[in-house]
Amino acid sequence: MVGEVTAKVVGDVAKETAKETAKEVGKYAGKQTVDITKRLDVSAKAIESKAAGVDITKRIKPEKIGIEDTAKEYIADLKAKSVFSETISNSLDVSKLEKRTPEDNAKMREEFDKKKSNLRSEWEKLNNKEWPRYTEPVYNERGIMIRKAGDCLDAHHVQPLELGGKNEASNITPLDLNKHKDIHSKTGSCTKLVEKVVGGQ
Ligand SMILES: [Zn+2]
């Protein structure tokens, strides 16, 4: 009697254990299958695109297309607005344009504020010109004077700070406040360039 009961219990435990094991194996096997499928899918796509002559690892994002044109438009606009267009290089090396993080950008702004007057002096030596000054005061929309006659014209970064530009004399150019505002406005040429580069990254 006792032997029979023991045998039954052992048999039941064995059955339960087998069921649990089967469940575990099933779960594991299911997971593996999904992973393998995913991997196969990616590999298949890579093979497909290689066959089509496209290396997906080097694929240029669609937003990046046309960046050269946007950069050209920006430089042309900047030259048109500049007092000394001849001091601005004819082209911008688009390969050097890369988005700075907001933190790095803030650091560069801070550095610029400290170095501004030194950079203007360096710019003067570099270009053998005097940094231009406002001949008349400039007022904002509310009639408040924001620039005095005799103040230095604004400094604009040719390669924008947010796109990896440096605080160097060769990267700044004098711009009249209103033209400077215009170039950075929503539809301004500098804003468009920033959007183009940032959008493509
Ligand atoms: Zn600027």
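The paragraphs below go through a predicted model of one chain, from its overall make-up to individual residues.

The chain has 201 residues, of which 14% count as buried. Its secondary structure amounts to 5 helices and 4 strands. Read from the N terminus, the order of elements is α-α-α-β-β-β-β-α-α. As for how the chain is connected, contacts between residues at least 6 apart in sequence can be sorted by separation, and 56% of them join residues at least 24 apart.

H2 consists of 15 residues, and the distance from its first C-alpha to its last is 21 Å, close to the 21 Å expected at 1.5 Å a residue. Its buried residues include Ala71, Tyr74 and Leu78. These three lie on the same side of H2, because the arc they cover around the axis is only 60 degrees. The spacing follows a general rule: an α-helix has 3.6 residues a turn, so residues three or four places apart point the same way. Asp69 and Ala80, on the other side of H2, are exposed. The buried residues of H2 are covered by elements that include helix H4 (177-183) and H5.

H5 can be read in the same manner. Buried in this helix are Ser189, Cys190, Leu193, Val194, Lys196 and Val197. They too are placed on the same side of their helix, since they cover an arc of only 160 degrees around the axis of H5. Among the elements that cover them are H2 and H4. Apart from neighbours within four places in sequence, Val197 is in contact with Ile67, Leu97, Lys99 and Leu163.

The strands come next. Strand E3 (residues 154-157) pairs with E4 in the antiparallel sense, over 4 bridges. One of the residue pairs is Asp154 with Leu175, its bridge partner in E4. In a regular strand the side chains alternate between the two faces of the sheet. In E4 (residues 172-175), Ile172 and Pro174 point one way, while Thr173 and Leu175 point the other way. All of these residues are buried, whichever way they point.

Glu122 lies in H3 (residues 102-127). Glu122 counts as partly exposed because it has 15 C-beta neighbours inside 10 Å. The C-alpha atom of Glu122 is 5.7 Å from that of Ala169, although the two residues are 47 apart along the chain. Asn128 belongs to the loop between H3 and strand E1 (138-139). With 7 C-beta neighbours inside 10 Å, Asn128 therefore counts as exposed. Its backbone has a positive phi of about 55 degrees, although Asn128 is not a glycine.

Definitions and conventions:
Residues are numbered from 1 along each chain as its sequence is written. This is a predicted model: local features need pLDDT of at least 70, side-chain atom pairs count only at pLDDT 80 or more; totals for chains, interfaces and linings use all residues. Helices (H or I, at least four residues) and strands (E, at least two) are DSSP runs, numbered from the N terminus. A residue is buried if 20 or more other C-beta atoms lie within 10 Å of its own, exposed if 12 or fewer, and partly exposed in between; C-beta atoms are placed from the backbone. Two residues are in contact if their C-beta atoms, placed from the backbone, lie within 7 Å. Two strands pair if DSSP finds at least two bridges between them. The expected span of a helix is 1.5 Å times one less than its number of residues. The arc is that of the directions from the helix axis to the C-beta atoms.
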